[in-house]
Amino acid sequence: MELMGCGTALVTPFRRDGSVAESALHALVNWQIESGIEFLVPCGTTGEAATLTEQEWLRVVEIVVGATSGRVPVFAGCTHNATHEAVARARKLAKIHGLTGILTANPFYNKPGQEGQYQHFKAIAEAVELPILLYNIPSRTGTNLEPATVLRLAEIKNIIGVKESSGNIAQITELITTVPRHFKVLAGDDSLALPVMALGGSGLVSVASNAVPAQMARMVRSALDNDWVTARRINRQFFRLMQAHFWEPSPAPVKAVLAMLGRGEDVLRLPMVPVTESTRRKLERIIGELGLFAGVGPTGEDLRMF
């Protein structure tokens, strides 16, 4: 399966008692695929992977792979700041039958230099045969994966691409124009999806698509098909919602939206907490304007009060 199009960085639904809501996760996966999402990424930042036990993390991946049933690729999050632990976890993921690949972010907290990051990712790739998707997210990890280092890593056979969440368009441009053509550069920020694809990116790993999968999938596919009129129209319509998902630390806003849409409980694990009432009211206003509540069409007017 080729990694292109719109993928969803899945939330991990929790029950009110804090346990993983397996049935809700299964339903979310089916809804995503039926809505046109082209690949799934469980247990990343949006999936609150840092708060899951190892047993829960593996179980979430197993549920997503099982519910997917081979319909779309699944790249499971596997990040740790100790290379030996990241390698050990990658090997555990490799035992899950049907898993497509692994998404692994910069080692966090340690702030390794470029050589340290190269050796870290190289060790993970050499430990498994699964395809590896790098994940550059310096705002979370404290370190940036530079294009020259990605170029070196692209020489490793099973490192197939990078999810770029640096927010640095100049860096992303340099990356897209220098990596081999087969190497995938995916936008890691909803708000930068169209610029990245205009530069030659292969798609988007989206937070917003948890709540609006059909719309985000169509936007990305339109851009990849050079139907920029449609892509820009959808981007314009949903851009405020994309931004709203980061008004407070993610994934609190998107979980609030999913709860409003009747697709999960608004439950997070500490240190993550639900959004404030002020943000909740603003989110309700936006999804009301967009006509996302069941049986309610778009208002046709701008009701913004902020």
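Mentor: When I say that residues pack against something, I mean that they are in contact, with heavy atoms within 4.5 Å. This is a predicted model, in which local features need pLDDT of at least 70 and side-chain atom pairs count only at pLDDT 80 or more, while totals for chains, interfaces and linings use all residues. Residues are numbered from 1 along each chain as its sequence is written, and side-chain values use heavy atoms, leaving out hydrogens and water.

Let us take helix H7, residues 169-178 (helices are DSSP runs of H or I with at least four residues, strands runs of E with at least two, numbered from the N terminus). At its start, a side-chain oxygen of Asn168 comes to within 3.1 Å of the backbone nitrogen of Ala170. Within H7, Gln171, Ile172, Leu175 and Ile176 are buried (under 20% relative accessible area with a 1.4 Å probe and protein chains only, whereas exposed means over 50%). These residues lie on the same side of H7, because they cover an arc of only 130° around the axis, taken from the directions from the helix axis to the C-beta atoms. Ala170 and Thr177, on the other side of H7, are exposed. The buried residues of H7 pack against strands E5 (132-136), E6 (159-164) and E7 (184-187), and also against helices H6 (147-153) and H8 (193-198).

On a 1 Å grid over the protein atoms alone, a cavity is a set of points where a 1.4 Å probe fits but cannot get out, while a pocket is an open set with protein on both sides within 12 Å along at least five of seven lines, and lining residues have an atom within 4 Å of a point. The largest pocket has a volume of about 650 Å³, and of its 25 lining residues, Gly44, Thr45, Ala49, Ala50 and Phe108 lie nearest its centre. Strand E4 (101-105) and helix H5 (138-141) are the elements that give two or more residues to this lining. The second largest pocket, of about 310 Å³, has 22 lining residues, with Ile137, Gly188, Asp189, Val207 and Phe246 closest to its centre. Here H5 and helix H10 (228-244) each supply at least two residues of the lining.

The structure also holds one cavity of 30 Å³ or more. The largest cavity has a volume of about 70 Å³, and helix H11 (residues 252-260) gives the most to its lining, with three residues.

Notes:
Grid points are joined across faces, edges and corners, and a volume is the space filled by probe spheres set on the points. A polar contact is a pair of N or O atoms within 3.5 Å; within protein, one must be able to donate a hydrogen and the other to accept it, and residues adjacent in sequence count only if both atoms are side-chain atoms.
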